[in-house]
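Here is a short report on one protein chain. Keep the sequence and the 3D view open while reading.

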Amino acid sequence: MADIHGDSQPTRQRRLLQGALPHVVTALVTLILAWFVVPRDRVVVLQTPSKATPVAGTVATTIPAVTATLTSPLVRDISRQEILDVKADTAALWSAVYLTRALAHASDAEAALARNDMTGTAQMLLLMDDALQRAAVTATSAVRDPIEQIHRDIVAVRQDLYVRPNGLDVRIKRLRQSLLTLIANPTLN
């Protein structure tokens, strides 16, 4: 029995050494390559004519100076105006995206109402309201009033959904038509 346990101890140590050996070799090769391949700071020895004492220092790298180009105030104003125009165009596009999303939800609400799915219709009206609120945040001031009116109409439809469901399909179609008109020409409303 002593021979079995005695033989297993060196075998276990041999297996651990064999398992660790590739990692140790890899680490040594990496260190040797890093020593020879990776550049280190250069040491420069300076000698003065009177004394021959070496002075060690590191070589400083020079950074090229960045020169600013002078622009006239007119060019800066044009650039600012262009940036403001791009921001306004981007906001108008986001508003149109959210209005289009509200339009898709209106179509889904109309389909859910046709299937007599009141829960689905209520969910679509909520999503429509959320999309309109997001559109109002990015919309121009000319579009915010029509969006607010459509929002009030959606709230009224949601309130009447379970109380007075008659005629809701016509009201949702009107909401959809209002959204289509607003998307097609936002300055008319």
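## Overall make-up

The model is predicted. The protein has five helices and zero strands. Read from the N terminus, its elements follow the order α-α-α-α-α.

The chain holds 189 residues, and 20% of them count as buried. Contacts across the sequence can be split by separation. Among those between residues at least 6 apart, 57% join residues at least 24 apart.

## The nonpolar core

The largest nonpolar core has 27 residues. Seven positions touch the most other members: Leu-99, Met-128, Leu-132, Ile-147, Ile-150, Ile-154 and Leu-179. Four helices each supply at least two residues of this core: H2 (73–114), H3 (118–138), H4 (141–160) and H5 (168–184). Helix H3 gives the most, with eight residues.

Leaving aside residues up to four places away in sequence, Ile-150 touches Leu-132, Leu-175, Ser-178, Leu-179 and Leu-182. Two of these partners, Leu-132 and Leu-179, are listed with Ile-150 among the core members that touch the most others.

## The loop between H3 and H4

Ala-139 sits in the loop between H3 and H4. Is Ala-139 buried or exposed? Its relative accessible area is 5%, so Ala-139 is buried.

Ala-139 touches Ser-95, Arg-144 and Ile-147, not counting residues up to four places away in sequence. Ser-95 lies 44 residues from Ala-139 in sequence. In space the two are 5.3 Å apart, C-alpha to C-alpha. Ile-147 also belongs to the core residues that touch the most other members.

## Salt bridges between helices

Side chains of opposite charge can pair when their charged atoms come close. The structure holds seven salt bridges.

One of them joins the side chains of Glu-110 and Arg-176, at 2.9 Å from N to O. Glu-110 is in helix H2 and Arg-176 in helix H5, so the pair links distant parts of the chain, 66 residues apart. Glu-110 counts as buried, at 16% relative accessibility. Arg-176 is partly exposed, with a relative accessible area of 25%.

Another joins the side chains of Asp-129 and Arg-158, at 3.6 Å from N to O. This pair also links distant parts of the chain. Asp-129 is in helix H3, Arg-158 is in helix H4, and 29 residues separate them. Asp-129 is buried, with a relative accessible area of 8%. Arg-158 is partly exposed, at 32%.

Asp-130 has a relative accessible area of 33% and is partly exposed. Arg-134 counts as partly exposed too, at 40% relative accessibility.

## Asp-160 and its network

Asp-160 belongs to helix H4. It counts as buried, at 11% relative accessibility. A network of salt bridges links Asp-160, Arg-164 and Arg-171.

Which residues does Asp-160 touch, not counting those up to four places away in sequence? They are Pro-165, Leu-168 and Arg-171.

## A nonpolar patch on the surface

Leu-21, Val-25, Val-29 and Leu-33 form a nonpolar patch on the surface. Together they have about 350 Å² of accessible area.

Val-25 is found in helix H1, which spans residues 2–37. How accessible is Val-25, and what does its class rest on? Its relative accessible area is 44%, so Val-25 is partly exposed.

Notes:
Residues numbered from 1 in each chain as written. Predicted model: local features only at pLDDT ≥ 70, side-chain atom pairs only at ≥ 80, totals over all residues. Heavy atoms only, no water. Patch = residues over 30% accessible without salt bridge, like charges linked within 9 Å, V, L, I, M, F, W, Y side chains within 5 Å. Areas by Shrake-Rupley, 256 points an atom, 1.4 Å probe, with all protein chains shown as cover. Salt bridge = Lys/Arg side-chain N within 4 Å of Asp/Glu carboxyl O. Buried < 20%, exposed > 50% of the residue type's maximum accessible area, 1.4 Å probe, protein only. Core = buried A, V, L, I, M, F, W, Y, C linked by side-chain atoms within 4.5 Å. Contact = heavy atoms within 4.5 Å.
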